[in-house]
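Please go through the structure shown here and work out a few points about its fold, charges and backbone.

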Amino acid sequence: MSKHTTDDILIKQVPILRNFLFHYSTYKELIHNGNNLSGSKLFWKFTADAHLLTSVNYWCMLFGSTGNPTHYSKVDFTEEYDYVPFKEYFLAALNMTHEDYAKYWQKIKGFRDKFSAHREIGYKEPAPYLDIAHKVALNYVSWLEKYNTMPSLEMMVEEYQEELQPMIESIRLK
């Protein structure tokens, strides 16, 4: 276990989690509206790609390597009543096996290690779909709220998505 307290870790984790959710939401909106955005298609492609890469990097800060000081496994609620480890919590919620998740996790972490954060020569794998990563993050929010009093990140994300809609609309083709 880390020498840092759960509160110390959460102070770092919550903004990372929020940033992942915001960048992923922006990426999804840009992809969804890509053909209708005004201006250079190349600009919007690079903008969407930047949000995707940033999403992968933020997600891996929390769910990638256990050696990362902000990894979800560093948060300790074991003394709480009815404690369920996060991995068991989200696997049950997503109806996934450990093996299926391990394969998915490796795709994202491999993409981060070989393309997003670094560039391995000859790496040609496509970007992973982040739909399950998004669900893992939202389940982490729910899990944290179960054991810890904190502002609702889901509400924060919903508010961001509501703000994002008019911004996207303002750059759509007329």
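Questions and answers on the fold, the charges and the backbone follow.

This is a predicted model, in which local features need pLDDT of at least 70, side-chain atom pairs count only at pLDDT 80 or more, and totals for chains, interfaces and linings use all residues. Residues are numbered from 1 along each chain as its sequence is written, and side-chain values use heavy atoms, with hydrogens and water left out.

Q: How many helices and strands are there in the protein?
A: Helices (H or I, at least four residues) and strands (E, at least two) are DSSP runs, numbered from the N terminus. From that end, the elements run α-α-α-α-α-α. The count is 6 helices and 0 strands.

Q: What is the radius of gyration of the protein, against that of a compact globule with 174 residues?
A: The radius is taken over C-alpha atoms, and the globule rule is 2.2 Å times the number of residues to the power 0.38. For 174 residues the rule gives a value near 16 Å, and the protein agrees with it, at 17 Å.

Q: Is Leu17 buried or exposed?
A: Buried means under 20% relative accessible area, exposed over 50%, and partly exposed in between (1.4 Å probe, protein chains only). Leu17 is found in helix α1 (residues 6–33). Its relative accessibility is 0%, so Leu17 is buried.

Q: Which residues are linked with Lys109 in a network of salt bridges?
A: A salt bridge is a side-chain nitrogen of Lys or Arg within 4 Å of a carboxyl oxygen of Asp or Glu. Lys109 meets Asp113 at 2.6 Å, N to O, and Asp113 also meets Arg112 at 2.5 Å. Lys109 and Asp113 are 4 residues apart in helix α4, which means a separation of about one helical turn. The residues linked with Lys109 are Arg112 and Asp113.

Q: How far apart are the closest N and O atoms of Asp49 and Lys45?
A: Both residues lie in helix α2 (residues 41–63), 4 residues apart, so about one helical turn separates them. Asp49 is partly exposed at 26%, and Lys45 is partly exposed at 45%. Their salt bridge has its closest N and O atoms at 2.6 Å.

Q: What is the phi of Asn95?
A: Asn95 lies in the loop between α3 (86–94) and α4 (98–116). With 72% relative accessibility, Asn95 counts as exposed. Its phi is positive, in a residue other than glycine, and is near 55°.
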